[in-house]
Amino acid sequence: MRSLRFLAPYAFALVIGLPVVSHAQTFTDSQRSEIQKIIKDYLVANPEVLEEMSAELTKRQTAVEVEKHRAAVKRNAEVIFNSPRGVVVGNRSGDVNFVEFFDYNCGYCKRAMNDMLELMKADPKLRVVLKEFPVLGPGSVEAAQVAVAVRMQDPTGKKYLDFHQKLLNSRGQADKARAMAAAKDAGLDMARLEKDIVSPEVSATLNENFKLAEDMGLNGTPSYVIGSDVVVGALGVEGLSKKISEARCGKAAC
């Protein structure tokens with residue numbers, strides 16, 4: 001029997017009883033019933049066709065999402081990469097931007113921090129930008145507020161990175177108390193920190209980050225912008241390295 005793969009676009013609609021109209025004609029009831037039976041029989045005999053259809057649908061949906069993300073990155077590029085409210089801890093003149101949105105109570109972010117440090121060590125041309133994205137409750141918001149205040153008194157990012165590691169490596173839920181303890185251990189001016197926490201700059205920073213995340217469709221942590229692409233989830237060093245190489249030279253390995 002001649003392959004019926006050409007009918008795949010109509011398969012689901014016909015099988016579940018939806019009308020299908022071609023450019024040439026509308027099927028009559030008898031034609032429609034006959035085609036339904038043919039397609040049902042064919043799909044039962046060749047179920048791999050459904051797998052192929054599903055895989056192709058996923059591929060196309062992924063391509064659409066990638067383009068949507070890239071458009072959002074282009075639209076917000078200046079704020080994503082160059083906002084003074086982001087913390088640059090990598091090479092400020094690096095050739096690839098690696099932006100991480102994180103939450104201090106995110107277990108995956110703790111592992112992602114080690115990935116980031118390993119990537120920075122291996123790739124001196126990497127420009128790393130950190131953005132607080134507290135989505136896991138009040139404690140996360142408190143910790144992020146302290147983090148922003150740390151950034152306000154440390155323009156170099158060095159003490160911020162020390163604070164960042166101490167807080168993410170600490171045990172238990174992050175909140176203001178744990179964040180303040182990490183800041184003290186990192187050598188911050190605690191009196192100034194208490195003052196800066198309640199400043200408008202703190203809420204402005206977090207609002208900026210949430211607005212960016214919303215426009216790019218980020219709903220979890222860690223999430224990244226690497227070059228022009230959005231990456232959601234902890235990929236590990238190998239996966240992130242491939243994304244960096246793609247941003248740098250258009251392929252998974254330069």
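Which residues are exposed on the other side of α9? P200, N207, K211 and E214 are, where exposed means over 50% relative accessible area and buried under 20%, with a 1.4 Å probe and protein chains only.

## About the model

This is a predicted model, in which local features need pLDDT of at least 70 and side-chain atom pairs count only at pLDDT 80 or more, while totals for chains, interfaces and linings use all residues. Residues are numbered from 1 along each chain as its sequence is written, and side-chain values use heavy atoms, leaving out hydrogens and water.

## The whole chain

The protein chain has 10 helices and five strands. These are DSSP runs numbered from the N terminus: H or I of at least four residues for helices, E of at least two for strands. Of its 254 residues, 43% are buried.

Now for contacts, meaning heavy atoms within 4.5 Å. Among those with a separation of 6 or more, 72% link residues 24 or more positions apart.

## A look at helix α9

Helix α9 covers residues 200-216, 17 residues in total.

The buried residues of α9 are V202, T205, L206, E208, N209, L212, A213 and M216. They sit on the same side of α9 because they cover an arc of only 150° around the axis, going by the directions from the helix axis to the C-beta atoms.

## Just past the helix

Then T221 and P222 are joined by a cis peptide bond, with omega about -5°. P222 lies in the loop between α9 and β4 (223-226). Most peptide bonds are trans.

Conventions:
The expected span of a helix is 1.5 Å times one less than its number of residues.
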